[in-house]
Amino acid sequence: MAPENSPPSLIQLPTFIFFFFTVLPRTHSRDHSLPYGDCRSSFECGIMKEISYPFWGNQQSHCGRQGFELQCQPHEYPVINMENQTFIVLEIEQNSQWMKLARSDIWNGTCPLLDTQLNHPPFSFSATGIRNLSIFHSCQVNGSIGYDYVLWEAFTGPAKLCYLKFTVPVLITAYDQLVYRSLTLKEALNEGFIAVYHFEEEEFCRKCRTSRGTCVRSMNATQVLCFCDNGRLQKTPCLKHGKSLPFCLSAVRS
């Protein structure tokens, strides 16, 4: 006669409870943060390396901030779109939060039709290190169109005699070299100009990076979180060595 099934022993029951409270919550946390596994503390974009939040690329919008998307191509400078204009990103200095940009149309040899615009947050022109260059194209000189470009920082001649005018910021060093003819116009323009940027969560992300975490956006883009080495997402920086708060304490503090 087969023996009747006996109820779980006192040894089996605690084992089940231990599994439930230790394995299942970690699995849930790991699945919840799964999309952020690619949000490393820095990434490469073309020839540029060590880029991090607020910038993002490769269609990973949850790894960065809206408006800071970089278009990446192998062996090329990154490209960024601002106010319906496209710029080549020559340099990024994230500690001081500035970028060196060059207009892509000029970079590619196209005569621009519009002024360089950078008038709305989070980007703006640097207050130092650049000068505006007004360029007048196809101007009539002595009754005929004698020059392709007539350029000054402040043009005092009859601008109405010129077919096209646009303004482009350039580095002061490039402007001086242009005046002394050690650079051509295109070379001076391709040196780029300095733009600065700011974003609301700067301080939080600085603390997150200091704790060896990575700033990321929530999947619904409503808040900024710190992604820690152990796979946890939280509203506070990680503890030392990338460790986050224990599950119960993290829930209380959030």
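Reply: A residue is called buried when its relative accessible area is under 20%, exposed when that area is over 50%, and partly exposed in between, as judged with a 1.4 Å probe and protein chains only. This is a predicted model, in which local features need pLDDT of at least 70 and side-chain atom pairs count only at pLDDT 80 or more, while totals for chains, interfaces and linings use all residues. Residues are numbered from 1 along each chain as its sequence is written, and side-chain values use heavy atoms, with hydrogens and water left out.

A search of the whole structure finds 5 disulfides, each being a pair of cysteine sulfur atoms within 2.5 Å; three of them are described here. Helices (H or I, at least four residues) and strands (E, at least two) are DSSP runs numbered from the N terminus.

In one of these links, the sulfur atoms of Cys45 and Cys72 lie 2.0 Å apart, and the torsion of -110° about the S-S bond makes the link left-handed. It joins distant parts of the chain, 27 residues apart, with Cys45 in strand 1 (residues 43-45) and Cys72 in the loop between strand 2 (48-51) and strand 3 (79-82). Cys45 counts as buried because its relative accessibility is 0%, whereas Cys72, at 21%, counts as partly exposed.

Another disulfide joins Cys208 to Cys226, with an S to S distance of 2.1 Å, and because the torsion about its S-S bond is about 90°, it is right-handed. Here too distant parts of the chain are linked, since Cys208 belongs to helix 5 (residues 202-210) and Cys226 to strand 12 (residues 224-227), 18 residues apart. Cys208 is buried at 0% relative accessibility, and Cys226 is buried with a relative accessible area of 0%.

A further disulfide joins Cys228 to Cys238, S to S 2.0 Å, and its torsion of about -105° means that it is left-handed. Cys228 lies in the loop between strand 12 and strand 13 (233-234), and Cys238 in the loop between strand 13 and helix 6 (247-253), so the pair ties together parts 10 residues apart in sequence. Both Cys228 and Cys238 are buried.

Where pLDDT is low, the predicted coordinates should not be read in detail.
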